[in-house]
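Thanks for coming. Please have the sequence and the structure open.

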Amino acid sequence: MSRDHADGGERRAPAVHQVTEDLVLVDVASRRVLAAAMCPHRQGKLKFGYVDDESLRIKCPLHYATFDLDSGERVAGPACDPLRIYAVLPEDGVKSSDLSALAGPPPTTPPEGTT
Ligand code: FES
């Protein structure tokens with residue numbers, strides 16, 4: 001979906017894609033933001049968040065904590081830690097298939113019975 005913009009150009013509607021269990025990719029305003037998938041308040045799923053492409057913010061669907069997509073700072077809603085932002089990339093800067101590697105390897109736990 002696209003829409004006209006004040007500068008005469010067209011831009012796509014913002015979208016949130018699940019990259020891994022722990023990461024989402026927010027595609028907004030000609031940039032891609034790789035962020036934690038779960039809200040730091042009470043683990044709301046940000047893949048269902050509301051993205052404002054004018055203010056570059058995402059609002060959690062559970063209790064409406066709102067986070068700045070550049071800094072991760074909470075700007076509205078219930079008190080909580082900032083949203084973890086892993087990377088802010090230009091729209092064409094990185095292929096989607098490469099994004100999970102930016103966050104590093106998944107946490108490892110020792111196999112049962114080895115401790
Ligand atoms: S879980 Fe996100 S605001 Fe509460």
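**Starting from alanine 35**

If we set aside its neighbours within four places in sequence, alanine 35 is in contact with Val24, Val26, Leu46, Leu83, Arg84, Ile85 and Tyr86. Contact here means that the C-beta atoms of two residues, placed from the backbone, lie within 7 Å.

Before going on, two notes on the numbers. Residues are counted from 1 along each chain as its sequence is written. This is a predicted model, so local features need a pLDDT of at least 70 and side-chain atom pairs count only at pLDDT 80 or more, while totals for chains, interfaces and linings use all residues.

The pLDDT is the predictor's confidence in each residue, from 0 to 100. For the protein the mean pLDDT is 83, and 70% of its residues reach 70 or more. Over residues 1-6 the pLDDT stays under 50, and there the model has eleven contacts beyond four places in sequence.

Now the overall layout. Along the sequence the pattern reads β-β-β-β-β-β-β-β-β-β-α. Helices (H or I, at least four residues) and strands (E, at least two) are DSSP runs, numbered from the N terminus.

Back to alanine 35 and the core. Which residues touch the most other members of the largest nonpolar core? They are Leu23, Val24, Val26, Ala35 and Leu46, out of 22 residues in that core. Two elements give two or more residues to this core, namely β4 and β5 (31-36). The most comes from β4, with five residues. A nonpolar core is a set of buried Ala, Val, Leu, Ile, Met, Phe, Trp, Tyr and Cys residues joined through C-beta atoms within 7 Å. Buried means that 20 or more other C-beta atoms lie within 10 Å of the residue's own; exposed means 12 or fewer, and partly exposed is in between, with C-beta atoms placed from the backbone. Of the 115 residues of the protein, 26% count as buried.

Next, the sheets. In one of them, four strands form an open sheet in the order β3-β4-β5-β10, with antiparallel pairing. Two strands pair if DSSP finds at least two bridges between them. Strands β3 (15-18) and β10 (85-90) stand at the edges with a single partner strand each, so one side of each is left without a neighbour in the sheet. From one strand to the next, the twist averages 20°. For such angles, axes are lines fitted to C-alpha atoms, for helices over the stretch in contact, and the angles run from 0 to 180 degrees between N-to-C directions.

Within this sheet, β3 pairs with β4 (residues 23-28) in the antiparallel sense over four bridges. Valine 16 has valine 26 in β4 as its bridge partner, and histidine 17 has leucine 25. In a regular strand the side chains alternate between the two faces of the sheet. A hairpin of four residues joins β3 to β4. Threonine 20 lies in the loop between these two strands. Is threonine 20 buried or exposed? Threonine 20 is exposed, because there are 12 other C-beta atoms within 10 Å.

Another open sheet has four strands in the order β6-β7-β8-β9, and the pairing is antiparallel. The twist here averages 30° from one strand to the next. Strands β6 and β7 (residues 57-59) pair in the antiparallel sense over three bridges. In β7, lysine 59 is the bridge partner of tyrosine 50.

Last, some loop residues. Leucine 56 is in the loop between β6 and β7. Its phi is near 55°, a positive value in a residue other than glycine. Leucine 56 counts as partly exposed because 19 other C-beta atoms lie within 10 Å.

The loop between β5 and β6 holds glutamine 43 and phenylalanine 48. Glutamine 43 has a positive phi of about 65°, although it is not a glycine. With 12 C-beta neighbours inside 10 Å, glutamine 43 counts as exposed. Phenylalanine 48 is exposed, with 12 other C-beta atoms within 10 Å. The C-alpha atoms of phenylalanine 48 and valine 16 are separated by 7.5 Å, and the two residues are 32 residues apart along the chain.
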